[in-house]
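Please look through the sequence and the 3D structure shown here before reading on. The briefing after it is meant to be read side by side with them.

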Amino acid sequence: HAADAHRTDLMTITRHVLNEQRRNPESRGDFTILLSHIVFGCKFVASAVNKAGLAKLIGLAGETNVQANRTDGCLTLCDVRQGEEQKKLDVLSNEVFVKALVSSGRTCVLVSEEDEEATFVDPALRGKYCVCFDPLDGSSNIDCGVSIGTIFGIYMIKDKDNVTLEDVLQPGTNMLAAGYCMYGSSCTLVLSTGSGVNGFTLDPSLGEFILTHPDIKIPKKGKIYSVNEGNARNWDAAVAKFVEKCKYPKDGSPPKSLRYIGSMVADVHRTLLYGGVFLYPADKKSPNGKLRVLYEVFPMSFLMEQAGGQSFTGKERALELVPTQIHERSPVFLGSYDDVEEIKALYAELAKTS
Ligand code: P6P
């Protein structure tokens, strides 16, 4: 009964991580517990993101959070009363993730795109992990229905009882795990705990993330480049040359396609599955580019390397960067191994002539 087997032998994200954790004998399940709290946060945000569209669409209570005040929990227009002021989805998502991570009892410090300062967990509730995350990256795209996402990276902290900001400012090579959850036509969570990359899709009827993309490997070379061409006049010579080569190849090969969604999780997810290269270069306007090291560049670079690709800053391997402050930015070129090699060669040439 092969058909039944796939129904009864569902590989959920929790089972998958437990299997992976079984490989390191000293694991006591802390990571699995931490991950289950991150997964909860993703399920909450997936539900809130979907509702947000609906609330705007039918103009429920002037786009505020709506509460059914009937005992049977069903919501009717006459029941709808002015809820509390609609929290912006990214603020709401941040609160959910911070509360979930703190209550997991497995974290001692958190860095969020939404919070100016790092959050040091109450000593009584501390665990050994640090999580850096962007709770809702690309949230400016919600109103037009473009996919957005949560991005996270996980580190171990040596001494949780004396954790300081210096413990957070580690190179990406120390990351234990990283992932993103994309809220789009389906809700897909892509995760690596250091032994390859796996994709899970939320089955809303079960409320479980099911393994749908085992052992993702990015194609060695791609036919797509992904960059905001609107910044072209500010690019350096290496980026300008690379993009020129994509559009007017000298070796007679067909031009590459440009795909740019403007939501990092969506652009990176397409790059991971289809191949190609995603670029957010430095430019005269922003000398360090736009994307943040701890919770955008590092997690996505970790995933790309785990999938057989690579990630470069224009100067070095992205994961070898050592950040000096928690919201630091860096240029990033990530994706198919051979495509990033081409960019590295162009920067090496530029370094020789400058
Ligand atoms: P630009 C979204 O605002 C974001 O932080 C990333 O998700 C996305 O890749 C980038 O900015 C888009 O930036 O300057 O091209 O609009």
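This is a predicted model: local features need pLDDT of at least 70, side-chain atom pairs count only at pLDDT 80 or more; totals for chains, interfaces and linings use all residues.

Of its 354 residues, 51% count as buried, and among the contacts between residues at least 6 apart in sequence, 61% join residues at least 24 apart.

**The nonpolar cores**

- In soluble globular proteins, nonpolar side chains tend to be buried together.
- The largest nonpolar core holds 36 residues, of which Ile-13, Ile-154, Tyr-183 and Phe-209 touch the most other members.
- Two or more residues of this core come from each of helix 2 (13-21), helix 3 (30-58), helix 4 (89-103), strand 3 (129-137), strand 4 (148-156), strand 5 (177-183), strand 6 (187-192) and strand 7 (198-203), and helix 3 gives the largest share with eleven residues.
- When neighbours within four places in sequence are left aside, Tyr-183 is in contact with Cys-42, Val-45, Ala-46, Val-49, Phe-97, Leu-136, Ser-147, Ile-148, Gly-149 and Thr-150.

- Helix 8 (residues 293-306) is largely enclosed by the rest of the structure, because twelve of its 14 residues are buried.
- The buried residues of helix 8 are Val-293, Leu-294, Tyr-295, Glu-296, Val-297, Phe-298, Pro-299, Met-300, Ser-301, Phe-302, Leu-303 and Met-304.
- Helix 7 (residues 264-274) packs with helix 8 at an angle of about 15°, and their axes are 11 Å apart.
- Since angles under 35 degrees count as roughly parallel, helix 7 and helix 8 are therefore roughly parallel to each other, and helix 7 passes helix 8 in a right-handed crossing.
- On the helix 7 side of this contact are Met-264, Val-265, Val-268, Thr-271 and Leu-272, which meet Glu-296, Met-300 and Met-304 in helix 8; by class, the contact has six nonpolar, one polar and one charged residues.
- Just after helix 8, Gly-308 takes a positive phi of about 95°.

**Helix 6 against helix 9**

- The axes of helix 6 (residues 237-247) and helix 9 (residues 337-353) come within 9 Å and cross at roughly 140°.
- Helix 6 and helix 9 are therefore oblique to each other, and helix 6 passes helix 9 in a right-handed crossing.
- From helix 6, the residues Ala-237, Ala-238, Val-239, Lys-241, Phe-242 and Lys-245 meet Asp-339, Glu-342, Ile-343, Leu-346, Tyr-347, Glu-349 and Leu-350 of helix 9.
- By class, this contact of helix 6 with helix 9 has eight nonpolar, no polar and five charged residues.

- Asp-339 lies in helix 9 and is buried, with a relative accessible area of 0%.
- Not counting residues up to four places away in sequence, Asp-339 touches Lys-220, Lys-221, Gly-222, Phe-242, Lys-256, Gly-276 and Val-277.
- Gly-179 has its place in strand 5 and counts as buried at 0% relative accessibility.
- The C-alpha atoms of Gly-179 and Leu-303 are separated by 7.1 Å, although the two residues are 124 residues apart along the chain.
- Leu-303 is also among the residues that Gly-179 touches, together with Thr-150, Ile-151, Phe-152, Val-190 and Leu-191, when residues up to four places away in sequence are not counted.

- Most residues other than glycine have a negative phi.
- Asp-215, however, has a positive phi of about 50° although it is not a glycine.
- Asp-215 lies in the loop between strand 8 (208-213) and strand 9 (224-226), where it is partly exposed, with a relative accessible area of 47%.
- Gly-314 is found in the loop between strand 12 (310-312) and strand 13 (332-335), and at 15% relative accessibility Gly-314 counts as buried.
- Leaving aside neighbours within four places in sequence, Gly-314 is in contact with Phe-333 and Tyr-347.
- The C-alpha atoms of Gly-314 and Pro-219, which are 95 residues apart along the chain, are separated by 22 Å.

Methods:
Residues are numbered from 1 along each chain as its sequence is written. Side-chain values use heavy atoms; hydrogens and water are left out. Axes are lines fitted to C-alpha atoms, for helices over the stretch in contact, and angles run from 0 to 180 degrees between N-to-C directions. Helices (H or I, at least four residues) and strands (E, at least two) are DSSP runs, numbered from the N terminus. Angles under 35 degrees count as roughly parallel, over 145 as roughly antiparallel, 65 to 115 as roughly perpendicular and the rest as oblique. A crossing is left-handed if the near helix is turned anticlockwise from the far one by less than a right angle, and right-handed if clockwise. Contact means heavy atoms within 4.5 Å. Ala, Val, Leu, Ile, Met, Phe, Trp, Tyr, Cys and Pro count as nonpolar, Asp, Glu, Lys and Arg as charged, and the others, Gly among them, as polar. A nonpolar core is a set of buried Ala, Val, Leu, Ile, Met, Phe, Trp, Tyr and Cys residues joined through side-chain atoms within 4.5 Å. Buried means under 20% relative accessible area, exposed over 50%, partly exposed in between (1.4 Å probe, protein chains only).
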